[in-house]
There are 2 protein chains.
Amino acid sequence: MTRKCQFLKRWGVKALCTAVATLGISASAFADGDQSYRWSLVTSWPKNFPGLGIAPENFASMVDDMSGGRLKIRVFGAGEVVPGFEVFDAVSNGTAQMGHSGSYYWKGKIPAAQFFAAIPFGMTAAETDGWLRYGGGMELWEELYQPHGVIPLAAGSTGTQMGGWFNKEINSVEDLQGLKMRIPGLGGEVLKRAGGVPVSLPGGEIFTALQTGAIDAVEWVGPYNDRAFGLNTAAKYYYYPGWHEPGSMFEFIVNEEAFQELPQDLQAIVRQAARTASYDMLVEYNARNIEALKQLQDSGVELRRFPEDLLQQLQVYSDEVVQELAEEDPMAARIYESYRAYQQGAAAYNQVAEQAYIETREQ
Amino acid sequence: MTRKCQFLKRWGVKALCTAVATLGISASAFADGDQSYRWSLVTSWPKNFPGLGIAPENFASMVDDMSGGRLKIRVFGAGEVVPGFEVFDAVSNGTAQMGHSGSYYWKGKIPAAQFFAAIPFGMTAAETDGWLRYGGGMELWEELYQPHGVIPLAAGSTGTQMGGWFNKEINSVEDLQGLKMRIPGLGGEVLKRAGGVPVSLPGGEIFTALQTGAIDAVEWVGPYNDRAFGLNTAAKYYYYPGWHEPGSMFEFIVNEEAFQELPQDLQAIVRQAARTASYDMLVEYNARNIEALKQLQDSGVELRRFPEDLLQQLQVYSDEVVQELAEEDPMAARIYESYRAYQQGAAAYNQVAEQAYIETREQ
């Protein structure tokens, strides 16, 4: 066994060194004593990436503290054990016991998974949490991943994202014709219907592509993450709101067999730590975005609101795109129905509650 | 020792049976084995009251599960061990190890505590969580309670409340003249400046007072709790938004000596379970309010928005009232400065983020 393998085995990533079939998940309880476990958690982000990479580190630290060290979880960045887009498979086949990612990355395998990540003109972060916990959403998500031996747990939101960085003014739908924009997923599909050219680029290539003019526009996340990438030095106009990702949700995924091997108290610790880490990610984004937005404005960024008629047209295309996703399979249809019903009720309530208050406060 | 005392002692409420001074907090670690603890948690609400009473039960259940039964916390309703308004003293003097309440109840003893409950025209629930965790709010709260031997933990929000139930239309500030309304705390002080007559009534007396015409109006919480009290059968008009409590925050309070006696893993479990219970209370309120609002509307309730000029006038009075609170002592001034700075940044960010999105979605 190589030194690297010993290192990886110590952290439960034994499948890289020996066949999963022979060692299997049952050996994943890496005992320090009778009740100690070592897990590995693979992610789709660079290690310690602001926001996204902090949530799994927070989670692992909470589990360590609450379990008195009986469950130690080591967090790996994208590419350290498996590439970022192979996190689901790694957790499903037991290469790692846990993952932190976004469910839209699995759309090739499980189209309906996209409902648990980012729906254009969909629910906000708080509404999504309500749907998952009290509106039947979590049960549907569990049902969707069950055939893959994977348990999903909500794992944080960025809050409403920004509309993105543009090197020209956007005054109408016509300005989107031929526009090359880094915008993945369902949002990209909506841009395509509006005449634009959606481009998929990993985070690390975004800045250069925008700065060199290889692409005309970029949506990344929001002030906190966008400023970290220096996008304000590569494009002039910063548009809002982020119609394409109003309340993006991320996911912790757990190998079901590994989870079942834990004693009940550690199972409870994993579930509750995930919930705390999930909400804390949203709170962190909200807080860091406040300061980052001020800094961006101080640096001369032009904040602009998308024209209302453009947004209305994008909403029409979004409804089409999401409707088509719902028609892909019966499970997608069930999830769509549940999602849509909750969103309608939540929007109606919000209009007389927080929304009504904020409108008044801002005047 | 009476049978009742034996029962109470078993649950750590020994101070009712024997002098606190002699037994003291150090006996509160009621050992089942070397590492088992039994705590009592006193609250300001009826046992299992929807929303408010559910949060401490959730908390106790999570702690039990995560600690494998090593820390058992029994929840008592208001009046079972101490009256609802004596929760802080009970935790401070060790009668109980924990409490669940609202910090505005302690304004006679600690005026600045009100900043951690409900500020008219103040922050929303999400903004408050950001301030507490990333804006220095939690450190100020800890400093405020430290002289009393009490550790505060955020413990849930109702979200933006409703404006209340009125037996007549409210079309201008003049309609508030002489209006007898159940509205406690700073909101009541604001109503007084607008010419109204704030009345304090415990929850159990609200319905009858409104139905018999002893008072003209009531604010209680929101659709979920208001419907449980049947307020829709006692008044015709249901106004919004709840300017007086835009993001009410509640509190878990912990006796510091009792907390220090816990091993570190149980301390971590108490802290994280509180955070999860806190967010879950907000999610539960949001979710239950959606359904309750539909039911109220189906029953014929007239939903009305307060006139904008009335709200603007109330905001002027609110600013005065909060400013005067800030002048009560140097600690209140420090908290006010921190609160106000965070709110300004949060409101500016919200305008280009979630708020901008919701305005578009609703059209």
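Predicted model: local features only at pLDDT ≥ 70, side-chain atom pairs only at ≥ 80, totals over all residues.
Mentor: Residues are numbered from 1 along each chain as its sequence is written, while chains are lettered from A and ligands numbered from 1 in the order in which they are written.

Trainee: What makes the two copies related as by a two-fold rotation axis?

Mentor: Chain B can be laid on chain A by a turn of 180 degrees and a shift of 0.0 Å along the axis, with an RMSD of 0.0 Å. The superposition is by least squares on the C-alpha atoms of residues with pLDDT of at least 70 in both copies. The two copies are therefore related as by a two-fold rotation axis. In chain B, the C-alpha nearest that axis belongs to Thr276(B), 2.7 Å away.

Trainee: How do you know that the same surface serves both copies?

Mentor: Of the contact residues of chain B, 100% recur in chain A. Two residues are in contact if their C-beta atoms, placed from the backbone, lie within 7 Å. By that criterion, chain B and chain A each give 55 residues. H11(B) supplies the largest share of the chain B side, 16 residues. Helices here are DSSP runs of H or I with at least four residues, strands are runs of E with at least two, and both are numbered from the N terminus.

Trainee: Is Asn48(B) buried or exposed?

Mentor: Asn48(B) has 12 C-beta neighbours inside 10 Å and therefore counts as exposed. Asn48(B), also not a glycine, has a positive phi of about 60 degrees. Its place is in the loop between strand S1 (37-43) and H3 of chain B.

Trainee: What makes S7 and S11 of chain A edge strands?

Mentor: The open sheet of chain A has 6 strands in the order S7-S6-S8-S5-S9-S11, with mixed pairing. Two strands pair if DSSP finds at least two bridges between them. Strand S7 (197-199) and strand S11 (302-305) of chain A each have a single partner strand, so one side of each is left without a neighbour in the sheet.

Trainee: How do you know that S9 and S11 of chain A pair?

Mentor: They are joined by 4 bridges and run parallel, against the requirement of at least two. Tyr240(A) stands opposite Arg305(A) in S11(A). The peptide bond from Tyr240(A) to Pro241(A) is cis, with omega near -5 degrees. Pro241(A) is found in the loop between S9 and strand S10 (248-255) of chain A.

Trainee: What is the sense of pairing of S5 and S8 in chain B?

Mentor: Strand S5 (residues 164-166) and strand S8 (residues 217-218) of chain B pair in the antiparallel sense over 2 bridges, which meets the threshold of at least two. The bridge partner of Trp165(B) in S8(B) is Val218(B).

Methods. Buried ≥ 20, exposed ≤ 12 C-beta atoms within 10 Å, placed from the backbone.
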